[in-house]
Amino acid sequence: MTLQINRREALALGAVSLASLSLGGATKDRPAMEIPAGLVSAHDESLENRMRRQVLDPESRWHGAIPDGNLLHTPHAAADLLYYASAAYFQPLSSFHQSPELFDRMKWAAAFLERAQTPDGNIDLMETNFNSPPDTAFVVHKIATAAR
């Protein structure tokens, strides 16, 4: 018997699998590694910039997305938000540590990514590449890192 699965199903299965992994992360009493002074606050500042630009209107087709410099709402920017937000959410030294608001923002970005997929499970690079497996891979890499 051969299992047939499309790209969309494979991506969803991979994301769920990665999300289920244990983080085994640091605590305030036991950091995973020494963190250079200012690194967490610089990261939080970068995340705040992304959050300021995130579309919050639940009626908008772009809800959860972040417009780029050309006002295009790309999956890449939503994946970046997940990448940065997951690090801050689990970092005890971050001002966003276990923030319910940040968790909502991550859910909205993930929902946008799901809506942005083509029927084949790919995403579009809005400027040039449509239904693009390579651009999908770049987005999946960020999401997988966030899930891990």
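Reader: How are H3 and H4 oriented to each other, roughly parallel or roughly antiparallel?

Author: The model is a predicted one. In it, the axes of H3 and H4 come within 9 Å and cross at roughly 150 degrees. Angles over 145 degrees count as roughly antiparallel. H3 and H4 are therefore roughly antiparallel.

Reader: Which residues of H4 make the contact with H3?

Author: H3 passes H4 in a left-handed crossing. From H3, the contact uses Pro-75, Ala-78, Ala-79, Leu-81, Leu-82, Ala-85, Ser-86, Ala-88 and Tyr-89. On the H4 side, the residues are Leu-102, Phe-103, Arg-105, Met-106, Ala-109, Ala-110, Phe-112, Leu-113 and Ala-116.

Reader: And how are H3 and H5 oriented to each other?

Author: H3 and H5 pack with their axes 8 Å apart, at an angle of about 15 degrees. Angles under 35 degrees count as roughly parallel. H3 and H5 are therefore roughly parallel.

Reader: Which residues of H5 take part in the contact with H3?

Author: The crossing of H3 and H5 is left-handed. H3 contributes Pro-75, His-76, Ala-79, Asp-80, Leu-82, Tyr-83 and Ser-86 to the contact. H5 contributes Asp-135, Phe-138, Val-139, Lys-142, Ile-143, Thr-145 and Ala-146.

Reader: What covers the buried residues of H3?

Author: The buried residues of H3 are Pro-75, Ala-77, Ala-78, Ala-79, Leu-81, Leu-82, Ala-85, Ser-86, Ala-88 and Tyr-89. Their cover includes helix H2 (39-53), helix H4 (100-116), strand E1 (123-125) and helix H5 (133-147).

Reader: How far apart are the end C-alpha atoms of H3, and what span should its residues give?

Author: H3 has 16 residues, 75-90. At 1.5 Å a residue, H3 should span 22 Å.

Reader: What pattern does the chain follow along the sequence?

Author: The chain has five helices and two strands. Read along the sequence, their pattern is α-α-α-α-β-β-α.

Reader: Of contacts between residues at least 6 apart in sequence, what percentage join residues at least 24 apart?

Author: The chain has 148 residues, and buried residues make up 31% of them. Among contacts between residues at least 6 apart in sequence, the share joining residues at least 24 apart is 64%.

Reader: What part of the accessible surface belongs to carbon and sulfur atoms?

Author: The accessible surface of the chain comes to about 9,300 Å². The part belonging to carbon and sulfur atoms is 58%.

Definitions and conventions. Residues numbered from 1 in each chain as written. Predicted model: local features only at pLDDT ≥ 70, side-chain atom pairs only at ≥ 80, totals over all residues. Heavy atoms only, no water. Helix = DSSP H or I, 4+ residues; strand = E, 2+ residues; numbered from the N terminus. Buried < 20%, exposed > 50% of the residue type's maximum accessible area, 1.4 Å probe, protein only. Contact = heavy atoms within 4.5 Å. Areas by Shrake-Rupley, 256 points an atom, 1.4 Å probe, with all protein chains shown as cover. Expected span 1.5 Å × (residues − 1). Axes fitted to C-alpha atoms, helices over the stretch in contact; angles between N-to-C directions. Parallel < 35°, antiparallel > 145°, perpendicular 65-115°, else oblique. Left-handed = near helix turned anticlockwise from the far one by under 90°.
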